[in-house]
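I opened the notebook for a structure that was new to me. These entries keep to what I looked up.

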Amino acid sequence: MNQVYLALGSNIRPELHLPEAVRLLAGCGKIIRKSSVWQSQPVGDEHQADFLNAAVLLETDCDAQRIWDEVIPGIEARLLRVRDPLNKNGPRTIDVDLVLFNAAQLQIAHRIVPDPDIDSRIFLAVPLAELDPGYCVPGLGRSLSEIAAELQANSESVFFRRDDVLL
């Protein structure tokens, strides 16, 4: 079985889309852990609502290629994700990203795994660290908890959501 770490984000009706994405992911395997929900400001296009972010650890027999080619696009299509070619950082119903896969370093199409933004994007690192704090990111030689702590010490741009948005 493969251990797949996926990041989720939404700023269009996230209270609906985040839990539904988790439910759909569960159809591909077993959800081992779910993070809390974190609120962050948008990156790039700042004229939109804040994002709600979370992460899940999925145990599945799907390989990374199938996750990339079928699972993620299928979930995003079901949740009516629209990609604007003129604004890749625009609002979205759901964004599902393959961030970590086992302890592997991979390239699938244009996607690099581990996600190269883990150590610079707090909205990725903090939810992932909740899932598996001791996970040592291949190629970085640092644990998720170390990365998240460093980013949190230098930023106030992610906020824990105490409501019952999710998962």
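In what order do the elements of the protein chain run from the N terminus on? I read them off as β-α-β-β-β-α-β-β-β-α-α-β. I took helices (H or I, at least four residues) and strands (E, at least two) as DSSP runs, numbered from the N terminus. The protein chain comes to four helices and eight strands.

A note on ground rules. This is a predicted model, where local features need pLDDT of at least 70, side-chain atom pairs count only at pLDDT 80 or more, and totals for chains, interfaces and linings use all residues. Residues are numbered from 1 along each chain as its sequence is written, and side-chain values use heavy atoms, with hydrogens and water left out.

**Overall form**

I looked up the radius of gyration, taken over C-alpha atoms. The globule rule is 2.2 Å times the number of residues to the power 0.38. For 167 residues a compact globule would come near 15 Å, and the protein chain has 15 Å, so the two agree. I also noted the span of the C-alpha trace along its principal axes: about 40 × 35 × 35 Å.

Next I checked contacts (heavy atoms within 4.5 Å). Among those between residues at least 6 apart in sequence, 69% join residues at least 24 apart.

**Cover and surface**

Of the 167 residues, 47% count as buried.

Helix α3 covers residues 122-131, and nine of its 10 residues are buried. Among them are I122, F123, P127 and L131.

I then turned to W38, which sits in strand β3 (residues 38-40). W38 counts as buried because its relative accessibility is 11%. I compared its place with that of Q105: W38 and Q105 are 67 residues apart in sequence and 27 Å apart in space, C-alpha to C-alpha.

**Cysteines**

How many disulfides does the structure hold? I found zero. A disulfide here is a pair of cysteine sulfur atoms within 2.5 Å. C62 is in none, and the nearest cysteine sulfur, that of C28, is 5.4 Å away.

Is C62 buried or exposed? C62 counts as buried, because its relative accessibility is 3%. C136 has 43%, so C136 counts as partly exposed.

Technical notes. Buried means under 20% relative accessible area, exposed over 50%, partly exposed in between (1.4 Å probe, protein chains only).
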